[in-house]
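Please walk through this structure from its overall fold to the ligand site.

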Amino acid sequence: MKALNVRHACKLFDPTKKIPKERVDLLLTAAHLSPTSFGMEAWKFIVISSDAVKKTLRPACWDQPQITDASHVIVILTNPDLVDPSNAYVKANFERRGLPEDATTAYIERYRTHMEAEVFPIMSAYAWCSKQCYIVLANIMTAAASEGIDSCPIEGFEKEWVEKALNIDTGPHEVAVIAALGYRAKAQPKRIRHSIERLVKYM
Ligand SMILES: Cc1cc2nc3c(=O)[nH]c(=O)nc-3n(C[C@H](O)[C@H](O)[C@H](O)COP(=O)(O)O)c2cc1C
């Protein structure tokens with residue numbers, strides 16, 4: 001709970017304070033350990049510490065100062081083609097579980113049915129993959145907070161511009177969401193939330 005309480009959307013980072021490499025590695029471990037539906041892991045993480053790259057990225061992110069003031073920016077990419085039920089990646093992904101062949105085949109069929117009946121009629125593969133990326137975002141932010149590192153989730157960006165600025169090969173990869181990470185330059189503001197009573201229903 002302590003980490004969740006100190007985490008806030010940090011708007012002003014101290015640009016002189018840098019996250020040590022072992023802490024960055026820890027945040028990437030938090031990303032790596034994140035769950036995905038059916039274990040698809042259709043993602044990739046770009047870690048930016050270069051001031052020049054951050055400067056190029058900032059205008060694509062509504063010119064938000066967090067991008068250049070943050071010590072590190074992690075851009076979370078999806079790879080939506082991978083989750084197509086016919087993609088060999090899906091088969092290989094289930095096979096790595098080491099289940100008997102008939103169980104693997106049943107798993108793949110369950111996956112195909114789920115994607116075709118429940119997912120694709122209401123959202124794109126990009127949207128489905130992006131939902132998983134937000135779990136990574138949350139885990140990175142919570143892990144960061146538990147290490148005394150501040151963060152700001154960034155959805156305020158122009159996707160195509162970001163992809164161009166970072167030379168992302170948009171054949172396989174698309175930007176889902178971004179995390180700016182560093183150390184706060186001013187005190188945490190007062191938390192604003194609706195009451196729990198308003199948000200929770202017990203049954
Ligand atoms: C997915 C997502 C995207 C966000 N994008 C931005 C952003 O681009 N810039 C920004 O300053 N804050 C951004 N925020 C921060 C929210 O405005 C903030 O989390 C919310 O107001 C609650 O404040 P708190 O996180 O400090 O409790 C984003 C938050 C989320 C979850």
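The protein contains 9 helices and 4 strands, where helices (H or I, at least four residues) and strands (E, at least two) are DSSP runs numbered from the N terminus. Their order along the sequence is α-α-β-α-α-β-α-α-α-β-α-β-α. The C-alpha trace spans about 55 × 50 × 30 Å along its principal axes. This is a predicted model, in which local features need pLDDT of at least 70 and side-chain atom pairs count only at pLDDT 80 or more, while totals for chains, interfaces and linings use all residues. Residues are numbered from 1 along each chain as its sequence is written, and side-chain values use heavy atoms, with hydrogens and water left out.

Two packed helices are described by the angle between their axes and the distance between the axes. For helix α5 (residues 88–95) and helix α6 (residues 101–119), the axes come within 9 Å and cross at roughly 135°. Axes here are lines fitted to C-alpha atoms, for helices over the stretch in contact, with angles running from 0 to 180 degrees between N-to-C directions. α5 and α6 are therefore oblique to each other; angles under 35 degrees count as roughly parallel, over 145 as roughly antiparallel, 65 to 115 as roughly perpendicular and the rest as oblique.

Turning to the ligand, 14 residues surround it, and the closest are Arg7, Ala9, Lys11, Gln64 and Arg191; a residue is near if one of its heavy atoms lies within 4 Å. Strand β3 (residues 150–154) supplies the largest share of this shell, 3 residues.

Polar contacts are pairs of N or O atoms within 3.5 Å. A side-chain N or O atom of Arg191 is 2.7 Å from an oxygen atom of the ligand, and one of Arg193 is 2.9 Å from a ligand oxygen atom. At Glu155, a backbone N or O atom lies 2.9 Å from a nitrogen atom of the ligand.

Definitions and conventions: Polar contact = N/O pair within 3.5 Å; in protein donor to acceptor, adjacent residues only side chain to side chain.
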